[in-house]
Amino acid sequence: MVELGKSHFPIDLGVLTAIRQLTPQGSTIVELGSGNGTNRLTKEFKVYSIEDDKKWIGYCEDSNYIHAPLVEISEEKDSPLWYDVETISAQIPEDYDLVLVDGPSGKKGRSGLLANLEIFRKDVPFVIDDTLREHECHVAREMAYLLDRPLYVFWNFSIIAPDFLPVEKIARIQKAALQVLESEEDGYLKSYFSIPKPIVERDLEQLDSIISELNQKRLDVASLEASQRKLELIEKSFSLRLGRFLTYPLRILSIFKK
Ligand SMILES: C[S@@+](CC[C@H](N)C(=O)[O-])C[C@H]1O[C@@H](n2cnc3c(N)ncnc32)[C@H](O)[C@@H]1O
């Protein structure tokens, strides 16, 4: 992996946008692997950080750290290392809304997650960072297989969600991901993509108009539904029924008059 200038350790705007689209502010995130980016998350969410390296424990004062050292996941020869499952199971909260997979560090590997997926809730989305790397991409693919769900792949991260994602959310996430991509140096991209330049013209404005069109449609539907609900309430309301009851003789009379 080539690291030029910019650090790719912390989560970027694309990943942050994905998290924002998948879960509302104030919800609870379980993060595998902590760092600078944890500070961004704690501004908007309640965060539990599972971290193996003592050096990074407590780095973000607003996160709830679970120090889970790396251990071999089985007794087999060359078994991969992963966080100590008993430590996680004892300290992870029962309720949380999203899992961010961003650790252990790339060098240590993340395949241990596959053997231990059952310790996490299955009804929450997973955001898997760094899936531009083959190892992380492989882990994400197998997770999608194990969970029987589609894998949404953006250029450097992926999502597995319990519900199908609405197009508007996908477009918002893609826009943020492309903004990050535009700021990357060619040297960095060349280390992951055989052809670093896309073959189509990147059109963020088109994405913007798709987003605002879908947003408007969603608002229209919401306001139509709200008006329908109001009408139903009025229909059912006591005063309307009372009014109908009181005017019943008059309405009958008017029929006879006709
Ligand atoms: C990709 S980092 C996790 C980054 C974190 N989610 C964030 O957004 O900042 C994976 C692991 O590398 C270590 N780490 C975090 N930030 C680092 C940095 N800036 N340089 C080197 N190692 C880092 C920590 O042990 C962490 O668990």
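Q: How do strand 2 and strand 3 pair, parallel or antiparallel?
A: Strand 2 and strand 3 (residues 64–67) pair in the parallel sense over four bridges, where two strands count as paired if DSSP finds at least two bridges between them. Ser49 stands opposite Tyr65 in strand 3. Strands here are DSSP runs of E with at least two residues, and helices are runs of H or I with at least four, numbered from the N terminus.

Q: Before we go on, what kind of model is this?
A: This is a predicted model, in which local features need pLDDT of at least 70 and side-chain atom pairs count only at pLDDT 80 or more, while totals for chains, interfaces and linings use all residues. Residues are numbered from 1 along each chain as its sequence is written.

Q: Back to strand 2, then: which residue stands opposite Tyr48?
A: Val30 stands opposite Tyr48, and strand 1 (residues 28–32) is joined to strand 2 by five bridges, the two running parallel. Together with helix 2 (residues 36–42), strand 1 and strand 2 make a right-handed β-α-β unit; right-handed means that, with the strands pointing away from the viewer, the path from the first strand over the helix to the second runs clockwise.

Q: How many residues of strand 2 are buried?
A: Five of the six residues in strand 2 (residues 46–51) are buried, which means that 20 or more other C-beta atoms, placed from the backbone, lie within 10 Å of a residue's own. Over the chain, buried residues make up 28% of the 258 residues.

Q: What about strand 1 and strand 6?
A: Strand 1 and strand 6 (residues 98–101) run parallel and are joined by four bridges, with Ile29 opposite Leu98.

Q: What order do the strands of the open sheet have?
A: The open sheet has seven strands in the order 3-2-1-6-7-9-8, with mixed pairing. Strand 3 and strand 8 (152–153) stand at the edges with a single partner strand each, so one side of each is left without a neighbour in the sheet.

Q: New topic: how many helices and strands does the chain have?
A: The chain has nine helices and nine strands. Its radius of gyration, taken over C-alpha atoms, is 25 Å, well over the 18 Å that the globule rule gives for 258 residues, so the chain is more spread out than a compact globule. That rule is 2.2 Å times the number of residues to the power 0.38.

Notes:
Buried ≥ 20, exposed ≤ 12 C-beta atoms within 10 Å, placed from the backbone.
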